[in-house]
Amino acid sequence: MKKNCSVGGQAVIEGVMMRGSKGIATAVRKTSGEIVVELERFTPYSKRNIFLGIPIVRGFIALVESLVIGIKTLNYSASFFEEEEEKESKFDIWLKNTFKDKLDTVITIITLIVSFLFSIFLFVAIPTITANFFVKIGIENSIVLNIIEGLIRVILFLTYIYLIAKMEDINRVFQYHGAEHKTIFCYENQEELIPEKAQKYSRFHPRCGTNFLFLVMIVSIILYSLTGWDSLFQRLMYRILLLPVVSGVTYELIKWIGKSNSKISKIISYPGLMLQKLTTREPDLQELEVAIKALKSAEGIEDKIVKNEE
């Protein structure tokens with residue numbers, strides 16, 4: 001019998017982060033071969049407030065939480081591989097002296113803002129501006145124009161994924177991404193959590209963030225088509241303002257796909273699963289061992305030291 005669970009995760013530098021019933025666990029293999037596991041107690045904001053737990057709203061909140069947690073865990077994993085002998089610049093020293101123990105929070109906020117602006121430029125502004133040229137060749141139907149814009153957005157997204165997948169440094173992260181999925185599958189099927197057992201499972205998981213991002217593109221085509229085709233500025237504003245709705249609807253869709261075995265859910269999730277051929281790689285047993293450590297800690301299967309209480 002398959003175990004009903006909502007464990008999710010993310011690949012980080014030489015490690016895996018897992019979110020489970022006991023909190024957020026990040027396991028990283030150091031250059032010495034030692035696996036370090038950090039568990040942080042965390043209660044999703046959707047469970048702390050009735051309003052934030054409303055369908056659609058909870059999806060947007062979960063997206064923001066995931067982005068913040070993702071950046072923090074990536075920074076944490078990267079800290080193990082920073083060169084100790086590297087001389088700090090004057091700017092680094094100024095940052096530490098200015099923000100002190102709040103430096104990590106400041107870096108997370110700056111990274112989040114820069115990432116958001118980059119995403120808006122690449123996946124909102126460029127498709128919207130490019131689609132505007134089709135008006136000049138005689139296409140005036142707003143639905144058709146919105147579909148064209150959506151297709152441009154999908155093409156940009158696929159191109160972006162394809163290009164970063166070619167980067168050598170990213171390849172190992174994608175191996176850990178595959179290890180994360182295999183480990184979750186092994187846990188869901190209630191098999192013994194050991195690398196050899198997890199290895200046999202698929203590296204393509206329906207609840208993957210890759211699926212989420214791809215479905216965001218599809219849902220946005222549908223929702224943005226309802227806004228008409230006004231001035232360029234108005235279209236950009238509509239797309240930005242509707243982002244919480246798009247992410248919220250997609251979140252509910254992903255939750256349903258994760259629980260459903262229907263043909264419709266399999267059809268909807270199929271493109272995202274195929275896209276994971278780019279964002280995951282087959283992991284080795286050592287990488288699976290790291291992912292298993294993270295999942296066990298996140299689910300309380302092994303006792304770990306808790307870093308923070310929230």
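E287 and R172 form a salt bridge in which the closest N and O atoms are 3.0 Å apart, the term standing for a side-chain nitrogen of Lys or Arg within 4 Å of a carboxyl oxygen of Asp or Glu. E287 lies in helix α12 and R172 in helix α6 (residues 168–188), so the pair ties together parts that are 115 residues apart in sequence; helices (H or I, at least four residues) and strands (E, at least two) are DSSP runs, numbered from the N terminus. E287 is buried, with a relative accessible area of 0%, whereas R172 is partly exposed, at 32%. Here buried means under 20% relative accessible area, exposed over 50%, and partly exposed in between, with a 1.4 Å probe and protein chains only. This pair also belongs to a network of salt bridges that links E14, R172 and E287.

## Basis of the model

The model is predicted, so that local features need pLDDT of at least 70 and side-chain atom pairs count only at pLDDT 80 or more, while totals for chains, interfaces and linings use all residues. Residues are numbered from 1 along each chain as its sequence is written, and side-chain values use heavy atoms, with hydrogens and water left out.

## Overall architecture

The protein has 12 helices and four strands. Its radius of gyration is 21 Å, close to the 19 Å that the globule rule gives for 310 residues, so the protein is as compact as a globular protein of that length; the radius is taken over C-alpha atoms, and the rule is 2.2 Å times the number of residues to the power 0.38. Along the principal axes, the C-alpha atoms fill a box of roughly 65 × 55 × 45 Å.

Of the 310 residues, 41% are buried. Among contacts (heavy atoms within 4.5 Å) with a separation of 6 or more, 70% are between residues 24 or more positions apart. The accessible surface comes to about 17500 Å², of which 62% belongs to carbon and sulfur atoms, as given by the Shrake-Rupley method with a 1.4 Å probe, where for residues only the protein chains shown count as cover.

## Charges and further salt bridges

There are 37 positive and 34 negative side chains, and the centres of the two sets lie 7 Å apart; Lys and Arg count as positive and Asp and Glu as negative, without His and the chain ends, and each charge is placed at NZ of Lys, CZ of Arg, CG of Asp or CD of Glu. Side chains of opposite charge can pair when their charged atoms come close. The count of salt bridges comes to 13.

One of them joins E289 and R29, whose closest N and O atoms are 2.9 Å apart. This pair links distant parts of the chain, with E289 in helix α12 (residues 285–298) and R29 in strand β3 (residues 23–29), 260 residues apart. E289 is partly exposed at 31% relative accessibility, while R29 is buried at 12%.

Within helix α5 (residues 142–165), R153 and E149 are four residues apart and so are separated by about one helical turn. Their side chains meet in a salt bridge of 2.5 Å, N to O, and R153 is buried at 4% relative accessible area, as is E149 at 1%.

## Surroundings of E252

E252 lies in helix α10 (residues 243–259) and counts as buried at 18% relative accessibility. Leaving aside neighbours within four places in sequence, E252 is in contact with P55, I56 and R58.
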